Amino acid sequence: MNLFDPTRHYPLLEIAWNPKSAQTAITEITQETIAQLQTAPLLSGHPMDDVGFGSDLYFGKAGVLWAINYLQTVEAIDKTFDVAIHLNETLANSRQQWLNQSPYPDQSSYLLGELPLLLLQYKFSPSEDKSAQILQSIHKNDAQPVRELMWGLAGSMLAVHFMYQWTQELRWKVVFKTQATRLIKEWQPIDEVRHLWTIDLYGSQRQYLGPVHGFASNLIPLLIGRSLLTEEEFEPISAKAMITTVHTATANQNGANWPAVYDETKPGQNLKLMQFCHGAPGMVTALATLPQGSNEEFDSILEQGGELTWRAGPLKKGSNLCHGTGGNGYAFLKLFIRTGNQLWLDRARAFAMHAIEQYRLSRKLYGQLRYPLWTGDLGLAIYLWDCLQAQAKFPTIDIF
């Protein structure tokens, strides 16, 4: 049985790891992006994206500004470009875009709404007024249907976690635990071993599994914000998460994969996707910080997911994070941090070298960069930085 669709992947280009090439690509991507921001602040969409360039973290300018600021902060690029002067206008555009286009105008979105821009403004200039705006935005999700990371509660919990990191104020811990309690309450058993969320999304209710829309996405803030939970609270979360991960996977001698949507009537089917948002790479990346050694089956299935990601090879959909080669490479970086096995770092860097070639070919073919953080070249730049540093800090999830 084939656990993925091979037509979605390329054979890996065998290019030796070259740190200088990685740094050069980071510089090229960021310099061209900054040059465009200085002449055409709205930037342009890309033919490979389904929507035009917006103001949000996922597809739009908020992600661009975040990425440039992050790379400046870690000293991967110079600091001459002033990110802060772009924030007010981008926030205004984001709010207008949200009112006109969002399917969920009454709730808050981490990836597609105003929250990341408010967080960036607070990061540059902390104030009580900005804290109040962030808190008001987060509280919009208190009574909304539990959704996932992109639109709902899991995303707002990430914002709460980052505010607590920065301020150490008790109020953020209280909000996090309140939203966590609601999230956990909605996590229901579907049989003796599996516990899943039923995601109310786009007019249907499905048991998605991945780290953007499903089971893994709702676990992300609980794992990232683990320090805000007691051991008594975290242990059952950890145990259920590992058991469910094992029993929603399909494995064979080539590795393991997970469907985008779990269907207990069709086990082992719908295994076409192998990318961050759906499939093994994202499941490994999102769940690799669960405790090691307490569940051997879980430890094994994560590495099997990494093995299948390697066998599948780079993605044809680009070098990006959400559904591209860079995002898949994060599974290897996470396994390197988890296991200490150099093999995974070597594989991450092999994907990095292939992704550089993908980005350059795309740049030549379309005559422009693919700007968004999650679906474009800036996400690749940060992946390359993590390969250089031998670390695994997935942008806007592990680090803000």
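**Close-up views of a predicted model**

View 1. Arg-311 is partly exposed, with a relative accessible area of 47%, where partly exposed lies between buried (under 20% relative accessible area) and exposed (over 50%), taken with a 1.4 Å probe and protein chains only. The structure is a predicted model, in which local features need pLDDT of at least 70 and side-chain atom pairs count only at pLDDT 80 or more, while totals for chains, interfaces and linings use all residues. Residues are numbered from 1 along each chain as its sequence is written, and side-chain values use heavy atoms, with hydrogens and water left out. Glu-307 forms a salt bridge with Arg-311, their closest N and O atoms being 3.6 Å apart; the term requires a side-chain nitrogen of Lys or Arg within 4 Å of a carboxyl oxygen of Asp or Glu. Both residues belong to helix H11 (residues 296-312), and because they are 4 residues apart there, about one helical turn separates them; helices are DSSP runs of H or I with at least four residues, and strands are runs of E with at least two, numbered from the N terminus. Arg-347 also forms a salt bridge with Glu-307, the closest N and O atoms being 2.9 Å apart. Arg-347 lies in helix H13 and Glu-307 in helix H11, so this pair ties together parts that are 40 residues apart in sequence. Arg-347 counts as buried at 10% relative accessibility, whereas Glu-307 is partly exposed at 23%.

**View 2. The salt bridge of Lys-334 and Asp-398.** Between Lys-334 and Asp-398, which form a salt bridge, the closest N and O atoms are 2.8 Å apart. The pair links distant parts of the chain, with Lys-334 in helix H12 (residues 325-339) and Asp-398 in the segment after helix H14 (377-389), 64 residues apart. Lys-334 is buried at 7% relative accessibility, while Asp-398 is partly exposed at 23%.

View 3. Cys-322 is buried at 2% relative accessibility, and Cys-387 is buried at 0%.
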